Amino acid sequence: MKIEKEKMLSGELYDALDKQLSEERLQARRLLKQLNDSREDQVAARTRVLKELIPEAGEGLWIQPPFYCDYGTNIKIGEKVFFNFNCVVLDVMPVIIGSRTLFGPNVQLYTAAHPMNHKERASGLEFAKPITIGEDVWLGGSVVVCPGVTIGDRAVIGAGSVVTKDIPSDVFAAGNPCRVIRHLEE
């Protein structure tokens, strides 16, 4: 029988109040408190905290606090990625981010989801779908990326967009719901 963390990471319904998952989220909250309370000139301290919070991050990760996530350990980040103020990553399942990707302020990435059926939802169980964001992507301020979405390399997502479906590479996309506006040229 699978433990709740295995169910969570495989996209099955799972109990988020499970003891192990609760302890892992608490550890992430402790690290986030250190990160979010750090001063701008405490680069070494921020780097140390980020290496523990997001162990699979490439060189040059810069997160401008405040920043929030569920676990941190389910986030995989390439090199030279930048998160502006107040970003949220609900990393119940993997969130994979390519190198040189930029996140505007208030960007939110949600892998977590709840059943549409009210009886299942009332059970307290939830599930998740992974998010993948390619290399050299720019997400404008207040973009929301929904569970299960993939955004292709070099895409630009306009501020305030709600990305509910996959976005291909080399496009500018915007809106609610987000849709391709035009293709980008080299």
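Student: What makes the contact between the side chains of K7 and E4 a salt bridge?

Tutor: Happy to start there. A salt bridge is defined as a side-chain nitrogen of Lys or Arg within 4 Å of a carboxyl oxygen of Asp or Glu. For K7 and E4 the N to O distance is 3.0 Å, so by that definition the pair is a salt bridge. Both residues belong to helix α1, three residues apart, which is about one turn of the helix. Before we go on, this is a predicted model, in which local features need pLDDT of at least 70 and side-chain atom pairs count only at pLDDT 80 or more, while totals for chains, interfaces and linings use all residues. Residues are numbered from 1 along each chain as its sequence is written, and side-chain values use heavy atoms, with hydrogens and water left out.

Student: Why is E4 called buried?

Tutor: Buried means under 20% relative accessible area, exposed over 50%, and partly exposed in between (1.4 Å probe, protein chains only). E4 has a relative accessible area of 17%, so it counts as buried. Across the protein, buried residues make up 42% of the 186 residues.

Student: What does K2 form a salt bridge with, and how exposed is K2?

Tutor: Its partner is E12, and the closest N and O atoms are 2.4 Å apart. K2 lies in the segment before α1 (4-9) and E12 in the loop between α1 and β1 (14-15), so the pair ties together parts that are 10 residues apart in sequence. K2 has 38% relative accessibility and therefore counts as partly exposed; E12, at 31%, is partly exposed too.

Student: Which residue pairs with R154 in a salt bridge?

Tutor: D170 does, with the closest N and O atoms 2.6 Å apart. This pair links distant parts of the chain: R154 is in the loop between β16 (150-151) and β17 (156-157), and D170 is in the loop between β18 (162-163) and β19 (171-174), 16 residues apart. R154 is partly exposed at 35%, and D170 is partly exposed at 22%. Elsewhere, salt bridges that share partners join R100, E135 and D136 into one network. The whole structure has 13 salt bridges.

Student: How many helices and strands are there, and what qualifies as one?

Tutor: The protein has four helices and 20 strands. They are DSSP runs, numbered from the N terminus: H or I of at least four residues for helices, E of at least two for strands.

Student: Why are β3 and β20 said to stand at the edges?

Tutor: Let's begin with their sheet, an open one of seven strands in the order β3-β6-β9-β14-β17-β19-β20, with mixed pairing. β3 (62-63) and β20 (179-183) each have a single partner strand, so one side of each is left without a neighbour in the sheet. Two strands pair if DSSP finds at least two bridges between them. β9 (residues 102-103) and β14 (residues 138-139) run parallel and are joined by two bridges, so they meet that threshold. In β14, W138 is the bridge partner of L102.

Student: How do you know that the buried residues of α3 line one face?

Tutor: In helix α3 (residues 43-53), the buried residues are R46, V49, L50 and L53. Seen down the axis they fall within an arc of 100°, so they line one face of the helix; the arc is that of the directions from the helix axis to the C-beta atoms. The face turned away from this buried side carries the exposed residues A44 and K51. The cover over the buried residues includes α2 (19-37), β3 and β4 (67-69).

Student: What makes a set of residues a nonpolar core?

Tutor: It is a set of buried Ala, Val, Leu, Ile, Met, Phe, Trp, Tyr and Cys residues joined through side-chain atoms within 4.5 Å. The largest one has 40 residues, of which F67, F83, F103, L109, L139 and I151 touch the most other members. The largest share of this core, four residues, comes from α2. A second, separate core of eight residues includes Y14, Y71, V92 and A128.

Student: Why does the radius of gyration agree with a compact globule?

Tutor: The radius is taken over C-alpha atoms, and the globule rule is 2.2 Å times the number of residues to the power 0.38. With 186 residues, a compact globule would have a value near 16 Å, and the protein has 17 Å, which agrees.

Notes
Contact = heavy atoms within 4.5 Å.
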